[in-house]
Amino acid sequence: MRRAVCPGSFDPVTYGHLDVIGRAAAIFDEVVVATGSNVSKSRLFDPEERIAMLTEATREWPNVKVAGFGGLIVDFCREIDAIAIVKGLRGATDYEYELPMAQMNRHLTGVETVFLPGAVGNAFVSSSLIKEVAAFGGDISAFVPAFVAERLTEKLASRPS
Ligand code: PNS
């Protein structure tokens, strides 16, 4: 069983993430989408909400599972016996951000990171930009599944002003 982990904040999951997850699912026997916390980013959705959205959004792939993790991604990979971390790269900025993490993770436990080039159409799609566009009433329907757009709208409306 060749198991890989697709880690991220997924706050919320986008079509860019889903492109990478689906392609990883075609390469590995099993893919565990793992939602963790990026200490340098503030979050809108709590972990349970992010896991619920990911579970719904990845339903079409029988070999994709969703989990939360709290500590280091390398420890999570070891716990579930994953041989690789899969990350999508939208461009050079992503590469510069991801490369030291991949090198650190390999240094820590030897886990490999596999980079998949993001689809060209998703080059500008990020959870942060989607939240900003949605917060000002912009149309995000091209970037996230409809149910995610709805939950984002509800979440933004319920925030204290
Ligand atoms: O979607 P993001 O915000 O780029 O996801 C980053 C995330 C959560 C995958 C990354 O910050 C992470 O792996 N955090 C867990 C803590 C950890 O292992 N940090 C050291 C990485 S070298």
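The ligand sits in the largest pocket. The structure is a predicted model.

**Residues around the ligand**

- The ligand has 14 residues around it, and those that come nearest are Ser9, Asn38, Lys41, Ile73 and Tyr97.
- Helix α4 (92-109) and strand β1 (3-8) each contribute at least two residues to the shell around the ligand.
- The element that gives the most to this shell is α4, which supplies four residues.

- In the side chain of Ser9, an N or O atom lies 2.7 Å from an oxygen atom of the ligand.
- For Tyr97, an N or O atom of the side chain is 3.3 Å from an oxygen atom of the ligand.
- The ligand taken alone exposes 540 Å², and the protein buries 82% of that area.

**The setting of Ala134**

- Ala134 belongs to helix α5, which comprises residues 127-135.
- Ala134 counts as buried because its relative accessibility is 16%, and the cut-off for buried is under 20%.
- Leaving aside residues up to four places away in sequence, Ala134 touches Ile140, Leu152 and Leu156.
- Between Ala134 and Gly110 the separation is 24 residues in sequence and 40 Å in space, taken from C-alpha to C-alpha.

Methods. Residues numbered from 1 in each chain as written. Predicted model: local features only at pLDDT ≥ 70, side-chain atom pairs only at ≥ 80, totals over all residues. Heavy atoms only, no water. Buried < 20%, exposed > 50% of the residue type's maximum accessible area, 1.4 Å probe, protein only. Contact = heavy atoms within 4.5 Å. Near = heavy atom within 4 Å. Polar contact = N/O pair within 3.5 Å; in protein donor to acceptor, adjacent residues only side chain to side chain. Areas by Shrake-Rupley, 256 points an atom, 1.4 Å probe, with all protein chains shown as cover. 1 Å grid on protein atoms, 1.4 Å probe; cavity = no way out; pocket = protein on both sides within 12 Å on 5 of 7 lines; lining within 4 Å. Sits in = over half its atoms within 2 Å of the grid points.
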